[in-house]
Amino acid sequence: SETSNMRVLELFIRWVQSGFANELPPKADLMVPFFKTISYPLGVFGFIALTYFVIVGASNAVNLTDGLDGLAIMPVVMVGSALGIFAYITGSSVYSKYLLFPYIPGAGELLIFCAALAGAGLAFLWFNTHPAQVFMGDVGALSLGGALGTIAVITRQEIVLGIMGGVFVAEALSVMLQVAWFKYTKRKYGTGRRILKMAPLHHHFEKSGWKETQVVVRFWIVTMLLCLIGLASLKLR
């Protein structure tokens with residue numbers, strides 16, 4: 001809206017007038033889950049770097065996960081739903097104070113977006129389950145991952161996103177480690193060697209004898225457990 005744009009412009013002008021001060025309010029600190037008094041001030045440039053890393057990383061991690069029927073969308077639904085709870089709490093002055101979260105006005109509105117994401121994701125899964133009739137593609141996977149990263153940044157739950165989205169993290173790391181190790185061993189020994197039978201990680205399990213549906217459902221179960229751990233950080237602080 002025009003009011004929001006003017007507010008952003010006003011904040012930018014203040015930042016320039018302050019001589020590009022690096023300090024940010026405490027609510028912009030990096031929060032450490034399960035510890036109510038530990039947070040790390042990022043400063044302006046640290047905040048920008050972390051935001052870039054989280055959004056781009058989440059976007060690509062979801063895209064790498066989208067390799068089997070139904071594998072990516074259900075974890076997106078579960079993580080998005082859990083982030084919706086965090087959004088509601090940080091957007092409530094009452095609950096955020098009680099649970100020792102930073103109060104972020106307007107963040108509660110993200111609950112509606114998260115609910116829409118979850119509902120649309122379940123409808124998509126109806127046709128994406130094995131054997132899939134509809135496919136997500138790069139456009140869907142990149143945008144959904146970017147959405148999760150953006151919500152995590154707004155609600156200051158970047159580390160919690162890494163916990164609940166552990167499947168996405170593992171998939172992305174498997175590709176990076178596989179490529180890095182292959183290039184290193186090829187340069188050193190003349191022949192590239194692999195850590196996994198195939199990357200991303202879900203293909204490694206397929207090569208190990210798991211059926212596609214086994215990989216998908218077991219990754220769903222892992223994501224569900226990780227989401228419960230992430231939600232436990234609401235109270236275990």
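Here is a quick tour of this chain, from its overall layout down to a few individual residues.

This is a predicted model, in which local features need a pLDDT of at least 70 and side-chain atom pairs count only at pLDDT 80 or more, while totals for chains, interfaces and linings use all residues. Residues are numbered from 1 along each chain as its sequence is written, and side-chain values use heavy atoms, with hydrogens and water left out.

**The big picture**

- The chain has 10 helices and two strands; helices (H or I, at least four residues) and strands (E, at least two) are DSSP runs, numbered from the N terminus.
- Starting at the N terminus, the order of elements is α-β-β-α-α-α-α-α-α-α-α-α.
- Taken along the principal axes, the C-alpha atoms fill a box of roughly 55 × 45 × 35 Å.
- Out of 237 residues, 42% count as buried; buried means under 20% relative accessible area, exposed means over 50%, and partly exposed is in between, using a 1.4 Å probe and protein chains only.
- If you take the contacts in the chain with a separation of 6 or more, 68% of them come from residues 24 or more positions apart; a contact means heavy atoms within 4.5 Å.

**Helix 2 meets helix 8**

- Helix 2 (residues 43–65) packs with helix 8 (residues 166–189) at an angle of about 85 degrees, and their axes are 8 Å apart.
- Here, axes are lines fitted to C-alpha atoms, for helices over the stretch in contact, and angles run from 0 to 180 degrees between N-to-C directions.
- Helix 2 and helix 8 are therefore roughly perpendicular to each other; that label covers 65 to 115 degrees, with under 35 being roughly parallel, over 145 roughly antiparallel and the rest oblique.
- On the helix 2 side you'll find A61, V62, L64 and T65, and they meet V167, F168, E171, A172 and V175 of helix 8.
- The residues of this contact split into seven nonpolar, one polar and one charged; Ala, Val, Leu, Ile, Met, Phe, Trp, Tyr, Cys and Pro count as nonpolar, Asp, Glu, Lys and Arg as charged, and the others, Gly among them, as polar.
- Over in helix 8, V179 is also worth a look: with 40% relative accessibility, V179 counts as partly exposed.
- V179 and I195 sit 16 residues apart in sequence, and their C-alpha atoms are 9.2 Å apart in space.

**Helix 2 and its residue S59**

- With 23 residues at 1.5 Å each, helix 2 should span 33 Å, and its end C-alpha atoms are 32 Å apart, which agrees; the expected span is 1.5 Å times one less than the number of residues.
- Buried residues in helix 2 include G43, V44, L50, V54 and A58.
- S59 belongs to helix 2 too, and its relative accessible area of 11% makes S59 buried.
- Ignoring neighbours within four places in sequence, S59 is in contact with A141, L142, G145 and G146.
- The S59 side chain reaches the backbone oxygen of L142 at 2.7 Å, which is a polar contact: a pair of N or O atoms within 3.5 Å, where within protein one must be able to donate a hydrogen and the other to accept it, and residues adjacent in sequence count only if both atoms are side-chain atoms.
- S59 and T150 are 91 residues apart in sequence, yet 9.7 Å apart in space, C-alpha to C-alpha.

- H202 is in helix 9 (residues 201–207), and at 0% relative accessibility H202 counts as buried.
- The side chains of H202 and H203 are joined by a polar contact of 3.3 Å.
- Not counting residues up to four places away in sequence, H202 touches L64, T65, G67, L68, L71, E171, V215 and F219.
- S92 sits in the loop between helix 3 (73–90) and helix 4 (93–98), and S92 is buried, with a relative accessible area of 14%.
- The side chain of S92 reaches the backbone nitrogen of Y95 at 3.3 Å.

**Backbone features in the loops**

- H130 and P131 are joined by a cis peptide bond with omega of about -10 degrees; P131 lies in the loop between helix 5 (110–128) and helix 6 (137–154).
- Another cis peptide bond joins A199 and P200, where omega is about 0 degrees, and P200 lies in the loop between helix 8 and helix 9.
- F34 isn't a glycine, but it has a positive phi of about 75 degrees; F34 is in the loop between strand 1 (30–31) and strand 2 (39–40).
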